[in-house]
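Open the model in your viewer and keep the selection panel at hand. The stops below say what to select and what to look for.

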Amino acid sequence: MFGNILIWFVIIPIIMMAGLGICRNSSMNAIRTVMTVCSTALLGLAVWLCVWFLDLRAAGDTAEMLFTGSWMWYEPLNIQLAIGVDGISVLMIMLSAIIVFAGVFASWKINPLPKNFFLWFALLSTGVFGFFISIDIFTMFMFYEVALIPMYLLIGVWGTGKKEYSAMKLTLMLMGGSAFLMLGLLGIYWHSGPEGQLTWNILEIAHNGHIDPSWQRLLFCLTFVGFGVLGAMFPFHTWSPDGHASAPTAVSMLHAGVLMKLGGYGCFRIAIYLLPQAANELAWIFIILTGISVVYGAFSACVQTDLKYINAYSSVSHCGMVLFAILMLTQTAMTGAILQMLSHGLMTALFFALIGMIYGRTHTRDIRQMGGLMKIMPYLGVCYMIAGFASLGLPGLSGFVAEMTIFVGSFEHTDMFHRSFVIAGTCSIVITAVYILRVVGKLLLGPVQDEHHLQLTDATWFERFSTVTLIVAIAGIGCFPNWINETIQHSFVPIINTLTQAAI
Amino acid sequence: MDITLPILILAIPISMFLILGIGGVKMSRKMAGVLGILGMGTTMALAYTVAFTYFFSGDSAFIVDGIRQQLQVFDVTWLAFTEKLVVSIGFLLDPISAMMLVVITTISFMVHLYSWGYMEHEPGFQRYYAFLSLFSFSMLGLVVATNIFQMYIFWELVGVSSYLLIGFFYKLPSAVSASKKAFIVTRFADLGFLIGILVLSFYTNTFNFAALTSDPASALASTGGATFMGASVLTWALVLIYVGGMGKSAMMPLHIWLPDAMEGPTPVSALIHAATMVVAGVYLVARMFPLYLVEESALTFITCVGAITAFYAAVVACCQIDIKRILAFSTISQIAFMMVALGVARPELHDAMGYMSSMFHLFTHAMFKALLFLGAGALIHAVHSNNYTEMGGLRKYMPITHWTFLIGCLAIAGIWPFAGFFSKDEMLAAMFANNWIWGAWMTMVAGLTAFYMFRMYFMVFWWEENPHYKEHKPHDAPWQMSLPLIVLATVSCVAGFIPFGELVTWNGAPYHIHIDPVVATTSLVVAVCAIGLAAWLYMKKNSKPAAMKNAMPTLWKAANRRFYWDEIYMFITHKIIFNIICKSIAWFDRHIIDATMDGFAKVTQRTSVAIKGMQSGSIQAYVLWYFFGAVLLALVTWICLL
Amino acid sequence: MYSMDLGILWYLVPSVLMFACGVYGFVTRKNLIAILVSLELMLNAADLNFVAFNRYLFPGQMEGMVFTLFAIAIAAAETAIAIAIIINVYRAVGNTDINEISKMKF
Amino acid sequence: MDSVGNIILYFVVAICMVVFSFMAVTSRKILRAATYLLFVLISTAVFYFQLGYQFLGAVQIAVYAGGIMVLFVFSILLTHKPDDTSGQIESHRRIAGVCASVLGGAALLFALFTMPVAASGCSLAEVLAAGPDITMKEIGHTLLGTDKFRYLLPFEAVSVLLLACIIGGVVVARKR
């Protein structure tokens, strides 16, 4: 069991928790050491996994999932700890590792109760990694819940503003989503195969193709809505602005960067892959909803004055794009969706990190009270601009690659319905430019608004470390997208095949 | 062809950007300036080598049977959307890209040099050079694009460089809002470009220019006769792509960003907003010209937009005070000129002379417009104001600037033997060949051009000396600034004699330029008359201009306010989009959607509050309820048993 | 009309009335001790029923009686505890009115 | 046919029982309520005697009347001043109480009178004759035996309960 590299993605965070348990509450250095060592180990492991995976693929290993393994943990219901990764999971793991790594540095000076904060943070990471490595939907769901619960405490205790309200709202809405999800997953399980051969394993379920189309429709709606809530699908997105606005920096990073991706990932891995007929039939409903998300989020972001609200609405727009592209059900568009997940994950994490850093200095997030920060803290200003440009889709940064792949892929549909939604979606790039430039103009440029801000200092070394990690990743994807693109495209082959077969 | 030079042409500017951008903080100004200028100088040398090799080596790779060939020097896959739709980064060498390499590197180098003097005392000098390098890189990448998507990529990059450079003085709110406006307006146009690319690539299944233009008929066939709202999809695609060009090239109604873009440093205006980036739209149409030929309605659209814009901009330029604004409107007008020339070009009309002349004008215009802008920069540098009302009589104080500026004005007015004469004459000839209406209309615009340019010239260099000169004597700029002026003035004088038709034509076959005497004479006469009129009105201080202005106050004010385009845009964007749409959506989100979600919570909570009285802890109440319940059950049982 | 024999109903009817009185007292009284008194009434009514049923329906057995015996024992225990609590509450609150004792509510 | 004496005794006791029950729950002086309760308990004990359960009657008197009532009285004296009267009962509470008790009582009486067993009008004398006398020895065996229908385990459980009760009483009532 421990020979499988994947399992270590869950074990390391657990070790991290154990390590933190040993630390004394007051010894900040010990806590930081544990976190740094473990998150670096995770990042290293993720890179290693990535390289190893590509190596195996290059060597001609064409299995759908690599590094598979499964261990029974509840015989009567055939629940297993089944793990395995394809190219998409590998990339998502990589993304999570990067963000966890950056998140640790972004919360270097977390106060109060640093130990407890990092304990919950580690638990959150456990859930996230566990989710991405699982191919047993029950285990997957379990890890999903593990990732959700710490959110409540992390926001409720370490947040700012009306944190209790936001924490409660976020948790309740996401839990509401997982209630739908739970029903959907149980439904999938009970129809997963002939009597006596029920299974939770994604590959087996997809291979069996046993779920009756009439059931698929119901289950598709349940699972898609369930994951869609986490993916901030209109009209279930309102936890996102409040939640992000109240969350502490690292939690916003991890939540917008990774946790929201759980939604998109689940949507195609479960809702679409396992229920292909329903996906073909019912995608249009959700295309409408996600299409609305894309434009709606962007428009809403235009008038917000709180930095985090702007970003949260922008996330609604960008994550809407992810689900939108997934629902297009073409290989290119879905590839774009994954790219968008990676890109959005990195750049939102960067955004939230920077907002946290700026907030930590100015003690306000209201853009009307700030201005000309570029002069005062050029490093943070430049980073913020880079994040902004990534968000509005500047070539050379990751956002462009993702958005273009989505648009080109989505445009493969020839009917008016899809095309008009694609064109509506493309409009968001203009609106995105509007709100990003509005923020940049008000926050960074122009004259200094507040005299007190003149005394502020620029980024410290750990803040630089955190942001540089993310920027390198963003620029990396933006400049050399093709290997990622190919990896994702290969991974989508079985899903696309299932879909085409179902369409016949 | 060896790929080292082309790669270096792109690699040097981008590495300069990275070096200056990341390491600039630690560098001295001098170091950064020298690095930037050296880098650009090298790039220019390399670009010249490439262009001269292409045009004059006679190598069989470049010219076969007298026809200049188009060749992809390299083409590396960057992103493969599908098997066919592949975005690659490459280097396309053909007459227009070679010509553009020369234009961009020349102007860029001149601006680099000029800026060393002009920006000497500005903070953020290193950053300025970094941005200039970024712009040069993007612009070079744009012109050598092998496929439409590469062009789109660099198209966006030039947009961002332009944003960064316009907003260079980021502490000025006006510069910030101008840069924002420029970016958003062009971005809006790029949306059209993007959709156009999507439509075009969907039907033709390729992004590659060579594949698209070598066989435009098959592109038409691939659409299978699909139409949308009465026009074929190919027309739609081409018009939408042209919309992208309209944004960058500031065609009506997307021109509003360009005058405001003058908030940027003047050398930047010369580089980006006069010579290179703004002609990207023209270049785009020229690049896809064979496709446009298939759909002539798209070309007609281009012609109409160009003709209206040219006239509009010329009229507005007559009523501006800010010299940079005058030049900006003049730029809009001149680019529209090129657009019209492209729009009227047909292979059957003198072998698409319009195309050739448009490119010719692009070349000459880049030179003399850069010259004018740099001259304006020198004036502003000396007077510290953009308005000609603060100038006047400067010819004695700034002779170099005066003479070079005069050459620029003569060139743009189309006076023989300056560069503008030749290119403009060819364009007008092409227009007359298509339809005399275009020709006559554009001749009138040419007259207006001569008028407003000389109006500015006389107001700046003649008229009456500003009394402030006694306290603060204006003088010619330092050598870094004067040298580019002199070089560009020289080029403006001689560029007309370049046998341009031999080098750049739409299909690579040489075309021998011959001056059409009627057209040439007409335009010359019109231009001279216009100059005479300007001289009569503005040479000496008098009350005629004021009288004219007072005679038609409404018209003058409307033209001065650029016919209220900005106000209309402000109304649409601020009042309608921002206040009505965005705010109502935000309101809807908070008060409907979010309130619904909160409503669920509130209903749950209210219900629980309402029924929590039942869990009062009062055992008496429990007993009471229990008892009633028991009685009820008994009753039910009894009824059932009956 | 039943004969003047003392049938089972003769015992059950007073027991029901006693129980009803107990219910009334339990629901209406505010004094904790009065509530306890009502409780004893109800308990007593139940005891009486046990005994009556035992006697009339299963005269040969003694389950009803034993049960009553236990019930009495438990009632004693319960009363003792209840009174201990009441006294304690009285110390804490100052009276034995149940309306005053709401600190532990919700 | 039961003896007239028995019937008269029955009526006296039954009326006592019902009347004192009613007075116990309506009296506004708590000490009086306790006293009425005592009378009710004694009446019940008399019924037990009449039904032939002498031991039970004795226990009733000893435990209830002797033990529990003393507790009651003590607690009342500890928590009330001599002239304390409880306040007027709110009318809605009274109505609810009356409703509950009348409805409940009516339902129970209805059930009783429609019950088939009610019709079996065997007299007390007959049933007393039918069952064997319950001797102390038999009660002892029943309570401490381990066979079927023997109750050692509940007996022990009750003793533990009582123990717990003693401890609990001490702990709860202890002065802090």
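What percentage of the 642 residues in chain B is made up of buried residues? The answer is 56%. Bear in mind throughout that this is a predicted model.

**Stop 1: chain B as a whole**

Select chain B and show its C-alpha trace. Along the principal axes, the trace spans about 120 × 65 × 55 Å. Switch to a cartoon: chain B has 26 helices and six strands. Now consider its contacts between residues at least 6 apart in sequence. Of these, 80% join residues at least 24 apart.

**Stop 2: two helices within chain B**

Select residues 95-118 of chain B, which form helix 3, and residues 266-275, which form helix 11. Their axes lie 8 Å apart, and the packing angle is about 165 degrees. Angles over 145 degrees count as roughly antiparallel. Helix 3 and helix 11 of chain B are therefore roughly antiparallel to each other. The crossing of helix 3 past helix 11 in chain B is right-handed.

Show side chains at the contact. Helix 3 of chain B brings B:Val103, B:Ile107, B:Ser108, B:Val111, B:Tyr114, B:Ser115 and B:Tyr118. Helix 11 of chain B answers with B:Thr266, B:Pro267, B:Ala270, B:Leu271 and B:Ala275. Colour this contact by class: nine residues are nonpolar, three are polar and none is charged.

**Stop 3: two loop residues in chain B**

Go to B:Leu254. Find it in the loop between helix 9 (233-248) and helix 10 (257-260) of chain B. Is B:Leu254 buried or exposed? B:Leu254 has 25 C-beta neighbours inside 10 Å, so it counts as buried. Leaving aside neighbours within four places in sequence, its contacts are B:Val185, B:Ala189, B:Met246 and B:Gly247. Draw a C-alpha distance from B:Leu254 to B:Thr309: they are 55 residues apart along the chain and separated by 10.0 Å.

Next, select B:Thr505. This residue sits in the loop between helix 21 (500-503) and helix 22 (517-538) of chain B. B:Thr505 counts as buried because it has 21 C-beta neighbours inside 10 Å. With residues up to four places away in sequence not counted, B:Thr505 touches B:Asp351, B:Tyr355, B:Met356, B:Pro510 and B:Tyr511. Draw another C-alpha distance, from B:Thr505 to B:Ala477. The two are 28 residues apart along the chain, and the separation is 39 Å.

**Stop 4: where chain A meets chain B**

Select helix 11 (residues 276-303) of chain A and helix 25 (residues 565-612) of chain B. Their axes come within 8 Å and cross at roughly 105 degrees. The two helices are therefore roughly perpendicular to each other.

From helix 11 of chain A, pick A:Tyr296, A:Phe299, A:Ser300, A:Cys302 and A:Val303. Facing them in helix 25 of chain B are B:Phe578, B:Ile581, B:Cys582, B:Lys583, B:Ile585, B:Ala586 and B:Asp589. By class, the contact of these two helices divides into nine nonpolar, one polar and two charged residues.

**Stop 5: the nonpolar cores**

Nonpolar side chains tend to be buried together in soluble globular proteins. The largest nonpolar core here holds 448 residues. Which members touch the most others? They are A:Leu350, A:Leu354, B:Val340 and B:Ala370. Helix 16 (residues 353-383) of chain B gives this core its largest share, 21 residues.

Zoom in on A:Leu354. Beyond residues up to four places away in sequence, A:Leu354 touches A:Leu380, A:Cys383, A:Tyr384, A:Ala387 and A:Thr467.

**Stop 6: chains C and D**

Four pairs of chains touch, and chains C and D have the most contacts among them. Select the interface: 75 residues of chain D are in contact with 65 residues of chain C. Helix 3 of chain D gives the most to the chain D side, with 13 residues. That side has 53 nonpolar, 19 polar and three charged residues.

Finish with the other chain pairs. The contact of chain D with chain B takes five residues from chain D and six from chain B. On the chain D side, four are nonpolar, one is polar and none is charged. Chain A and chain C do not touch, with their nearest C-alpha atoms 21 Å apart. Chain A and chain D do not touch either; there the nearest C-alpha atoms are 37 Å apart.

Notes. Residues are numbered from 1 along each chain as its sequence is written. Chains are lettered from A and ligands numbered from 1 in the order in which they are written. This is a predicted model: local features need pLDDT of at least 70, side-chain atom pairs count only at pLDDT 80 or more; totals for chains, interfaces and linings use all residues. Two residues are in contact if their C-beta atoms, placed from the backbone, lie within 7 Å. Ala, Val, Leu, Ile, Met, Phe, Trp, Tyr, Cys and Pro count as nonpolar, Asp, Glu, Lys and Arg as charged, and the others, Gly among them, as polar. Helices (H or I, at least four residues) and strands (E, at least two) are DSSP runs, numbered from the N terminus. A nonpolar core is a set of buried Ala, Val, Leu, Ile, Met, Phe, Trp, Tyr and Cys residues joined through C-beta atoms within 7 Å. A residue is buried if 20 or more other C-beta atoms lie within 10 Å of its own, exposed if 12 or fewer, and partly exposed in between; C-beta atoms are placed from the backbone. Axes are lines fitted to C-alpha atoms, for helices over the stretch in contact, and angles run from 0 to 180 degrees between N-to-C directions. Angles under 35 degrees count as roughly parallel, over 145 as roughly antiparallel, 65 to 115 as roughly perpendicular and the rest as oblique. A crossing is left-handed if the near helix is turned anticlockwise from the far one by less than a right angle, and right-handed if clockwise.
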